[in-house]
Amino acid sequence: MKIEIIPCLQDNYSYLIIDEKKNTACVVDPSESNPIIKFLEDKKIDLKFILNTHHHYDHVGGNKELKEKYGASVIGFKGDKHRIPEIDIFVDDQENWKHNNFEAKIIHIPGHTLGHICFYFYNDKSIFTGDTLFSLGCGRIFEGTYSQMYESLKKLKELPHDTKIFCGHEYTMQNSRFCLAHDQNNKNLKNKIINIKKKLQEKLPTIPSTIKEELECNIFLRSDNVKTFSKLRDLKDNF
Ligand code: ZN
Ligand code: FE
């Protein structure tokens, strides 16, 4: 599988997971349809599935147009079937979703929203974390509780360290400032920031990160109890 990063809207990322043998693709969180259609048409790839991590408009905005154009099926969490536009296939926590060469484990990771899921393409060592785990940060807690978010991140921390993280937004630089403010002596973090700056200067995404890098550098993953985590989350909201 080949993974393509498609910048959308202001700072969103959608992702195409491409089966190069069959020239078919899944899209993760299409914020809008146009950049996705442009890429698919250029490369003559057929879109088969639309995977949504959660129901926010900047993750599902392209569902309708892409479904109409390609006849692709929309996949989302069964608990969110009333609010994911055009949903066709309902998936549940720990379910293994498979179609041809596309194969992902669904992990329910509530906190940002109650129905937030991630798609773990284990054969490709890649996970699509939406607005739950960002590089050097985590999502705001809109619907869930602090402890739900903490437990959700804990599930992600247990993945193999070389798993690549593809998240919903390019927030890495802003996030790095918060991490550094609270973790000033972290050498790994400082090295990662040098890399981030380099990528951004070249107008490249800072994504993917890896579980290893996030365990080393992301202050939200480094907090080992829900109390510290909650405090950090509050501080970040006002940073
Ligand atoms: Zn969101
Ligand atoms: Fe978002």
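Author: Before we count anything, we need a term: a cavity is a set of grid points where a 1.4 Å probe fits but cannot get out. Please also keep in mind that this is a predicted model.

Reader: How many cavities of 30 Å³ or more are found in the whole structure?

Author: Rolling a probe the size of a water molecule over the atoms shows where empty space is left. When the whole structure is searched in this way with a cut-off of 30 Å³ or more, the number of cavities found is two.

Reader: Which element gives the most residues to the lining of the largest cavity?

Author: The largest cavity has a volume of about 40 Å³, and its lining includes Tyr150, Leu153, Lys154 and Lys157, along with Phe220 and Phe229. Two elements give two or more residues to this lining, namely H4 and H8. With four residues, the element that gives the most is H4.

Reader: Which strands give two or more residues to the lining of the second largest cavity?

Author: The second largest cavity has a volume of about 30 Å³, and among the residues that line it are Tyr13, Tyr15, Phe166 and Cys167. By class, its lining divides into five nonpolar, three polar and one charged. The elements that give two or more residues to it are strand S2 (12-19) and strand S13 (164-167).

Reader: Turning to the open spaces, which element gives the most to the lining of the largest pocket?

Author: The largest pocket holds about 350 Å³ of space and is lined by 17 residues, of which Phe134, Arg140, Tyr171, Arg233 and Lys236 lie nearest its centre. Two elements give two or more residues to this lining, H5 and H9. The one that gives the most, with three residues, is H9.

Reader: With which residues is Leu156 in contact, leaving aside its neighbours within four places in sequence?

Author: Contact requires heavy atoms within 4.5 Å. Once the neighbours within four places in sequence are left aside, the contacts of Leu156 are Ile109, Cys118, Ile127, Thr129, Thr132, Leu133 and Ile211.

Reader: Finally, looking at the whole protein chain, what is its radius of gyration, and why is the chain described as being as compact as a globular protein of that length?

Author: The protein chain comprises nine helices and 14 strands. For 239 residues the globule rule gives 18 Å, and the value for this chain is close to that, so the chain is as compact as a globular protein of that length. Of these 239 residues, 53% count as buried. The radius of gyration asked for is 17 Å.

Notes. Residues numbered from 1 in each chain as written. Chains lettered and ligands numbered in written order. Predicted model: local features only at pLDDT ≥ 70, side-chain atom pairs only at ≥ 80, totals over all residues. Heavy atoms only, no water. 1 Å grid on protein atoms, 1.4 Å probe; cavity = no way out; pocket = protein on both sides within 12 Å on 5 of 7 lines; lining within 4 Å. Points joined across faces, edges and corners; volume = space filled by probe spheres on them. Rg over C-alpha atoms; globule rule 2.2 N^0.38 Å. Buried < 20%, exposed > 50% of the residue type's maximum accessible area, 1.4 Å probe, protein only. Nonpolar A, V, L, I, M, F, W, Y, C, P; charged D, E, K, R; others polar.
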